[in-house]
Amino acid sequence: MSMQKAVDNSRSSNAGLSMDNQEKLLADALQNVRQHAFAMKRVLDQQSVMEGLKHAANMLGELRTSLLSPKNYYELHVVVVEELHHLELYLTDEFEHGRGSHDLYEVVQYAGNIVPRLYLLITIGHVYIRANELPRREVLRDLVEMCRGVQHPLRGLFLRNYLLQCVKSLLPDTEEENQEATKTGTILDSLDFILLNFSEMNKLWVRMQYQGHTRDLQRREQERRELRILVGTNLVRLSELECVNVERYKTIVLPKIMEQVVSCRDSIAQEYLMECIIQVFPDEYHLNTLNEFLKACRELSASVNIRNILISLIDRLTAYSTRDGSQQNIPENIQLFDIFSEQIAEVVKSRINMPPEDIVALQSALLNLSLKCYRDQFEYGNKVLENTRKIFDNIALDTQVQTGTPAAKELVKMLKIPIDCYDILDVLKLNHYKLVLQLLSYRERHTVCMYIINSILDKETIIPTAEQVTQLFELLLTLIIDQTDSPLETSRQTITNEDFVEEQNLVARLYNNFQAPNDPDQQYHIIKICQDTFKNGGLERMRFTYPPIIMQAYALTFRYKNIREQDEKWEKKCQKLFQLCNQLINTLTKLETNDLPLRLYLQGALAASEIGSENAETIAYEFFSQAYTLYEEQAGDTRAQSASLTLLIGTLEKVTCFAEENHSTLRQSLTQAATRLVKRPDQVRTLLLCTHLFWSAQRLNESTQKSEQVHDNEKVLACLKKATKLTTQIMDQSVQVQLYNELLNTYIYFFNQNLPDIDITLLNSLIEKLQNEMSKISSNENDEFIRNQIQKTFDYLRQQSQLEKFQGLQINN
Amino acid sequence: MDILGLGSKVDADFILDPQGQRKQIDVKIDDTKRSSQYIYYDGEDVSGTVQVKLKKNSKVEHQGIRLEFIGQIEMLNDRSTIHEFINLSKLLGFPGELTDSSSIDFNFGNVEKPYESYNGINIKLRYFLRLTIIKRFSNNVFERDICVQQLSQYPEINNSIKMEVGIEDCLHIEFEYNKSKYHLKDVVVGKIYFLLVRIKIKHMEIAIIKKENTGTGPNIYAENETIAKYEIMDGAPVRGESIPIRLFLAGYELTPTMKDVQRKFSVRYFLNLVLVDEEERRYFKQQEIFLWRKQDKDTDKTKQSAKQYAHYQRPTPANQSEENPTENSSVNEVLSSENNSDIPSD
């Protein structure tokens with residue numbers, strides 16, 4: 001019983017390999033290696049080769065351990081190999097000085113243990129080949145064969161790695177015809193050597209998977225991944241041989257590698273090695289062995305992630321074909337697209353359980369290839385998209401890919417590819433793009449649409465025709481109208497939702513890229529299409545989408561005006577545009593705020609005035625009156641009202657197309673509106689603005705058809721007086737002082753404009769009044785701003801007082 | 001041998017190779033003593049000069065001086081039985097008186113030396129010259145050993161050794177050694193094929209075992225000595241692997257195989273293939289090889305070096321079925337096994 005226990009303990013310590021224990025084991029082993037190495041070097045210094053070999057064998061004995069983890073074994077191996085290098089250098093030196101011993105290759109074979117024996121044999125073999133002591137070809141063959149004696153995976157892998165490292169510079173790399181070749185070997189010998197070493201190493205590597213307890217499987221797989229580079233080095237060596245050409249690669253190298261890869265039936269090995277093949281060999285080789293490679297892919301184990309392998313190859317060839325910006329790299333006789341297309345179809349067919357995301361990823365790679373390698377052949381890309389759609393239709397017709405699934409993610413990635421490598425106009429030529437997009441659920445569609453818009457905006461792509469705009473809208477429908485599968489309730493699609501605002505702002509910005517530069521009629525079509533499309537989007541979207549249409553329409557009227565010489569119907573077209581705008585703005589009046597439609601109306605009035613067409617006055621008046629109506633409806637919000645009134649006044653001052661009748665109606669209304677404002681300061685300020693309506697505002701002289709300024713002295717004065725009177729009634733002294741100042745400024749303006757009845761005396765009395773009032777107010781911080789304003793007024797006056805016109809001006813301050 | 005205890009007045013020396021042309025060999029007498037001996041072959045003359053040296057101013061009366069050439073077999077565990085199979089005798093001097101040191105030439109012509117000198121565990125086969133100065137009371141005797149080596153021709157038939165062995169449903173291997181008869185500087189080249197592996201093998205080694213049988217009838221003594229242990233595989237192979245063997249013999253202390261020498265003893269050699277599993281159980285198969293001594297010539301140098309990297313090449317297969325070993329192929333011979341581990345087997 002106790003015996004049994006002891007055995008169990010010893011076993012678990014073997015299997016458990018605690019970290020502490022490992023460190024100690026490694027430290028001990030390294031210590032031993034150093035001691036033996038020291039002894040070896042010492043006797044070599046005394047020219048005692050045999051003793052040196054003995055110590056070397058002892059040192060190499062440390063590599064017989066089974067206790068170290070692969071990582072620590074590697075550490076140990078590095079140190080041992082380094083020390084072994086001393087021996088190699090010593091022996092090489094002996095040969096260079098003509099005193100090398102000739103029988104060492106045999107002598108070291110007496111070593112009783114195989115691991116040290118083979119390390120020594122490799123070292124001596126290396127030296128002997130270089131010294132021409134033994135025929136290269138035979139020794140290479142012997143070494144790679146003898147290594148079979150080490151069947152322990154870890155020790156075998158490192159031994160063969162050492163072999164590979166030693167022969168690196170010794171592999172014959174000459175053609176067969178060479179006369180000397182029989183002795184030194186040819187490229188074929190090198191191929192035999194590496195390919196054998198490769199398959200032996202791979203077998204050992206694969207074997208690791210099946211040794212030990214299943215509960216350690218994960219750790220073992222991790223360890224295997226750490227060791228994979230050892231196996232891969234063989235392939236690197238192969239790729240470095242100069243005499244390997246496309247032909248040899250195709251007939252010897254690849255078939256042999258593939259035979260091993262396929263037959264090992266280990267997914268870790270297969271994945272790594274396929275990837276390795278793709279990366280280490282030149283593109284030309286791959287191009288010429290596509291069918292062979294892809295056929296082998298189908299024979300790989302079912303658990304291999306074939307998708308990554310294929311994608312890696314496709315990506316590599318894609319990069320190759322587009323390198324240096326030329327597309328000439330692919331030989332014409334290789335139908336890259338067709339081959340991949342067919343082979344991928346075969347792979348998909350042969351793997352029934354392939355997850356849809358993998359299929360999509362493959363199609364993505366194919367799409368990438370077709371778009372990059374065959375830029376001008378849209379049918380390729382289109383075909384891929386069509387196939388993708390078909391694959392999903394075959395699974396279940398007209399169902400959406402559930403949101404958040406890997407397949408959905410892959411589809412999104414796929415749909416981004418054309419956007420990245422084409423501009424949108426080319427993407428529109430892929431008419432299956434839309435169909436694939438429709439496979440997605442709302443969230444993914446949304447992502448793709450946003451991506452499309454951002455790309456257009458970033459690249460500043462101009463979309464010049466109405467047809468293309470229509471196509472684009474078909475793609476972007478998700479953002480343009482309410483979606484039945486939108487996870488958000490419609491109520492959340494409002495201005496209070498930041499994401500929605502951002503999204504619709506983008507859609508609105510997109511509008512600026514719809515430009516038909518030399519074709520106003522085309523632009524008109526675009527506007528119509530936008531209107532037709534956006535009108536289905538609901539009021540919340542229109543808030544964002546209509547303003548750019550309207551502004552674009554106004555801009556288009558200017559363009560029509562510019563070409564009025566060539567287009568006799570220009571006025572009619574403008575009329576239509578204004579009608580359209582009127583209609584659109586009218587829709588917007590349903591929004592909770594009047595500000596936006598009001599501004600758009602005023603902008604329309606300005607535009608009409610600028611166009612100056614025959615019916616411009618009618619249009620402008622209509623727009624203006626609409627704006628005024630909206631203003632009136634704003635009652636209640638005093639601040640908004642005064643702001644809107646300011647806008648109205650400002651616009652009227654600029655509009656030049658009104659005849660006296662309309663103009664006087666409007667200016668009177670605005671002046672009255674000013675006095676009707678609720679707050680006194682607002683009244684004063686708007687009244688002061690209104691003065692300009694009676695002075696610099698322009699009206700159309702019906703007889704001359706020219707515009708002229710109103711210049712109504714009395715009304716100006718009346719306004720000013722009214723404003724002065726209202727100011728005196730204000731209770732808040734600091735506001736009052738401020739308004740006095742503003743009043744003074746207006747008076748100075750009109751004094752400068754030579755308005756009769758405004759003279760220096762009047763100004764002086766105002767100044768005095770202002771100064772009196774100013775002295776009354778407290779000097780707290782709030783008033784600092786006012787003081788500054790007033791100070792500036794006085795500074796101006798002092799400056800002007802030098803002029804003759806301002807003679808008699810009295811400023812006490 | 002001087003019973004007076006005054007020290008011998010006479011001494012003798014054998015000069016066998018005045019020209020220094022004969023090869024010598026370092027022979028192990030026992031664990032501490034080694035001596036250098038001249039090598040002779042069958043049918044060669046044994047000749048030379050005996051120098052008898054006298055101390056100054058002394059003289060020796062004798063009844064004659066006799067020289068013998070003797071081949072004998074000694075049983076080491078039974079000193080009494082010494083069997084002489086050769087005894088040639090020559091009288092070198094008539095009875096008289098020796099007054100001075102003198103040299104006497106001798107020659108045994110074409111001496112038949114039918115066996116190889118051998119120094120084993122229980123037995124010793126030796127050849128020596130014995131010089132006797134016959135005196136009245138006690139003779140003066142001087143001996144000098146020589147080493148006889150038995151050269152053989154290349155064997156006419158030298159088949160490879162090939163065998164499929166195993167343990168039913170656990171382990172099937174097939175091993176091949178390139179020859180069955182090896183000369184002493186030869187190299188054993190072979191291969192092990194693993195046809196079925198269901199046990200966890202830790203390593204595999206090849207051992208050279210010498211079996212010395214002495215005596216007859218009830219007094220038979222058998223001694224096994226492991227001359228060499230040589231690891232040829234590390235780790236556990238899987239089905240389908242083939243492991244190369246290359247074992248140089250020159251480095252070990254081997255003799256030719258000797259069979260039934262004078263009905264006194266035999267010395268035979270075996271290659272023992274041993275597989276050790278993780279439980280330290282050993283599975284082995286012994287296979288006798290015949291060793292012979294080849295004439296030492298300077299052979300072709302390239303051939304000499306080629307054996308350093310010699311590999312076993314399967315002779316072109318006579319019957320195809322062997323080329324496709326299957327798991328189910330029956331085991332011709334069973335591997336012996338022994339349990340060296342301290343793990344209780346049940």
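# Reading a two-chain model

Tutor: D260(B) is placed in strand β20 (residues 258–261) of chain B; helices (H or I, at least four residues) and strands (E, at least two) are DSSP runs, numbered from the N terminus. The model is a predicted one, in which local features need pLDDT of at least 70 and side-chain atom pairs count only at pLDDT 80 or more, whereas totals for chains, interfaces and linings use all residues. Residues are numbered from 1 along each chain as its sequence is written, chains are lettered from A and ligands numbered from 1 in the order in which they are written, and side-chain values use heavy atoms, with hydrogens and water left out.

Student: What is the phi of D260(B)?

Tutor: Most residues other than glycine have a negative phi. In D260(B), phi is positive, near 55°. This residue counts as partly exposed, at 48% relative accessibility; buried means under 20% relative accessible area, exposed over 50%, and partly exposed in between (1.4 Å probe, protein chains only). D757(A) also has a positive phi, near 75°. D757(A) sits in the loop between α36 (733–752) and α37 (760–776) of chain A and counts as exposed because its relative accessibility is 59%.

Student: How many helices and strands are there in chain B?

Tutor: Chain B has one helix and 24 strands. Of its 346 residues, 46% count as buried. Contact means heavy atoms within 4.5 Å; among contacts in chain B between residues at least 6 apart in sequence, 69% join residues at least 24 apart.

Student: How is the size of an interface expressed?

Tutor: The accessible area lost when the parts come together is often given. Here chain A and chain B bury about 2500 Å² between them, 51% of it on carbon and sulfur atoms; buried area is the accessible area (1.4 Å probe) that two parts lose on being put together, summed over both. Chain A gives 32 residues to the contact and chain B gives 30 residues.

Student: Which side chains meet in a salt bridge?

Tutor: A salt bridge is a side-chain nitrogen of Lys or Arg within 4 Å of a carboxyl oxygen of Asp or Glu. Three salt bridges are counted between chain A and chain B. R207(A) and E241(B) meet in a salt bridge, at 2.7 Å from N to O. On the side of chain A that touches chain B, the elements giving two or more residues are α1 (2–16), α5 (104–107), α6 (114–130), α7 (136–146) and α10 (187–208) of chain A. The largest share, five residues, comes from α7(A). That side of chain A divides into 13 nonpolar, seven polar and 12 charged residues, where Ala, Val, Leu, Ile, Met, Phe, Trp, Tyr, Cys and Pro count as nonpolar, Asp, Glu, Lys and Arg as charged, and the others, Gly among them, as polar.

Student: How many disulfides does a search of the whole structure find?

Tutor: A disulfide is a covalent bond between the sulfur atoms of two cysteines. By the cut-off used here, a pair of cysteine sulfur atoms within 2.5 Å, the search finds zero disulfides over all chains. The closest cysteine sulfur to that of C690(A) belongs to C719(A), and the separation of 5.9 Å is too far for a bond. C690(A) counts as buried, at 0% relative accessibility.

Student: Is L30(A) buried or exposed?

Tutor: L30(A) counts as buried because its relative accessibility is 14%. L30(A) belongs to helix α2 (residues 19–45) of chain A. Apart from neighbours within four places in sequence, L30(A) is in contact with L76(A) and V79(A).
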